Each structure stands twice: as structure tokens, then as C-alpha cells.
Amino acid sequence: MLDYNGICRDMEIQPQISANSRACQSAEGFSAIVDGTRTNFKMHDYPSMYRVPGLYDAMMFGMLGCRTPALLAKVVEVCLEASAFNGSIRMLEIGAGSGAFAEQIRRRNFIVERLVGLDIHEEARSAAERDRPGVYDDYLICDLTRLDRHVAERIKDLSPNCVAVASATGWGNHIPVAGFQAAFDHLSDQGWFVFHVKPNDPDPECIALNEWITQLIASGSILNPTRGRIFHRENVDGNPIFYDYIVGQKA
């Protein structure tokens with residue numbers, strides 16, 4: 001495991017606090033010493049962060065104390081145990097990034113037959129292979145709203161009985177509703193859907209995602225949903241951010 005706090009110290013990572021960053025997560029930023037030069041980064045500029053070994057993890061898990069991957073993996077384990085699930089998981093993780101959630105899934109007390117990551121950024125796959133080699137059985141690069149035939153066939157071959165997201169959602173620069181719907185459509189019947197979103201946020205994308213998951217549950221497309229709240233991370237001011245999670249089975 002990477003020494004997040006050590007990397008924070010070595011790179012002298014510092015949050016950038018402004019009125020905009022307090023009002024909107026997508027405006028948050030930080031600076032770090034990279035190759036001897038202090039460089040500014042936007043919190044959600046994933047390709048730039050992934051190119052620097054350890055930078056994203058040091059910022060997210062060291063500076064901001066993100067716990068979503070560990071807490072959400074535990075939720076999945078508890079839900080599977082409560083349902084008396086005794087098979088093996090074929091998981092498609094969307095918005096997979098550098099593999100923090102996959103690493104936690106591998107540690108849980110259930111059988112993972114295959115674990116496939118999917119992200120829109122090639123830099124995410126490179127970071128996962130560099131920082132967590134072997135955590136994924138395969139890693140797909142694509143835009144979920146425009147799935148090409150080759151990627152769709154590989155997802156079909158996986159026949160996922162679990163589709164999960166543990167990365168940030170909302171603010172117009174993450175997976176939109178159409179992407180989540182495409183991933184949900186590829187989930188096997190009675191497969192597990194693992195989703196989280198920030199509640200009561202004025203951001204239009206957060207509102208749309210909350211409405212979408214609420215409608216799926218109300219229409220009976222997701223059965224036996226388990227819903228709760230977990231600590232996501234601190235913002236650059238040091239205040240806690242909480243997400244709602246929903247884990248249920250596709251009808």
C-alpha cells in the first residue's frame with residue numbers, strides 16, 4: 001500500500017481554499033511539488049493527477065481522508081452475507097480510476113471470479129497498473145454513453161452480476177445518468193447494483209442522479225435496496241462530505 005501521508009509530505013501537498021471551492025466540489029484544487037516545481041491541480045482533473053505516481057492517492061486518501069472505497073466494500077460484503085449469497089462475483093467497476101475500490105473488494109470475505117475496471121481516461125488504467133498491479137482482471141477504456149461494439153462485447157462476455165461505482169458522482173464531470181443507465185442495462189438479472197451519490201446538493205447532475213436512482217427503486221427495477229450514509233472525504237476546508245449509498249438487485 002502506498003504511504004499516502006509520506007507522499008503528502010514529500011510533495012508538500014497543500015489545499016487551495018477559495019469561495020468557489022467552498023461552494024462547489026468541482027472547483028476544489030490543491031498544489032504539489034512535482035519535479036521540483038509547485039504545480040496547481042484541479043481536484044477532478046484526473047488525467048493530470050494520474051500521470052504523477054501516487055499523487056491522486058496521496059491527495060484523496062492522505063490529505064482529504066477519503067474512506068469511500070473501504071466503507072463501500074464493507075457494505076457490499078454485509079449485503080451479500082445478509083442475502084445468503086454463496087456464489088462468486090463478476091464485477092464491472094465503472095469510474096474505476098486507479099483501483100482503490102477494487103483493492104478493497106479483493107480483501108472482502110466473498111469470492112471474486114472476475115473484476116473488470118472501466119474508465120474514460122487511459123491515464124486511469126495506467127495508474128492502476130502502476131500502483132495496484134494485478135488488482136483488475138481486465139480494464140476497459142470507453143465512454144459509457146457511447147459504447148463501441150468491441151467494449152460492449154467484452155462486457156457481455158463478462159456477464160456482470162455486480163456493477164459498482166465508488167468514485168465521485170455529479171458536478172458535470174463524472175459519469176452522467178445516461179452512462180449509469182448503460183451500465184445498469186448490462187447488469188445481469190438479479191445482479192447487484194452498487195451506487196452512491198451526494199444527497200441534497202444543488203448541483204443539477206447530483207439532482208438528476210438522485211432522481212434516477214429513486215425512480216429505479218420506485219419502479220421496481222431495483223429490488224430489496226439497502227440505503228445508508230457513509231463518510232466520503234473532507235473538503236479542502238476540512239469539513240466532512242457524506243454520500244448516500246444504495247445497494248440492491250436488478251429485477
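**Note on Glu93 and its surroundings**

1. Setting aside neighbours within four places in sequence, E93 is in contact (heavy atoms within 4.5 Å) with F101, A102, L115, V116, G117, L118, Y136 and A164. The model is predicted, so local features need pLDDT of at least 70 and side-chain atom pairs pLDDT 80 or more, while totals for chains, interfaces and linings use all residues. Residues are numbered from 1 along each chain, and side-chain values use heavy atoms, without hydrogens and water.

2. E93 belongs to strand β4, residues 88-94 (strands are DSSP runs of E, at least two residues, and helices runs of H or I, at least four, numbered from the N terminus). The E93 side chain makes a polar contact with that of Y136 at 2.6 Å; such a contact is a pair of N or O atoms within 3.5 Å, within protein one able to donate a hydrogen and the other to accept it, with sequence-adjacent residues counted only if both atoms are side-chain atoms.

3. Helix α5, residues 68-82, reaches 21 Å from first to last C-alpha, close to the 21 Å expected at 1.5 Å a residue (1.5 Å times one less than the number of residues). Its buried residues include L72, V76 and L80. A84, which follows α5, has a positive phi near 60 degrees.

4. The chain has 10 helices and 10 strands. Of its 251 residues, 53% count as buried.

How values were computed:
Buried means under 20% relative accessible area, exposed over 50%, partly exposed in between (1.4 Å probe, protein chains only).
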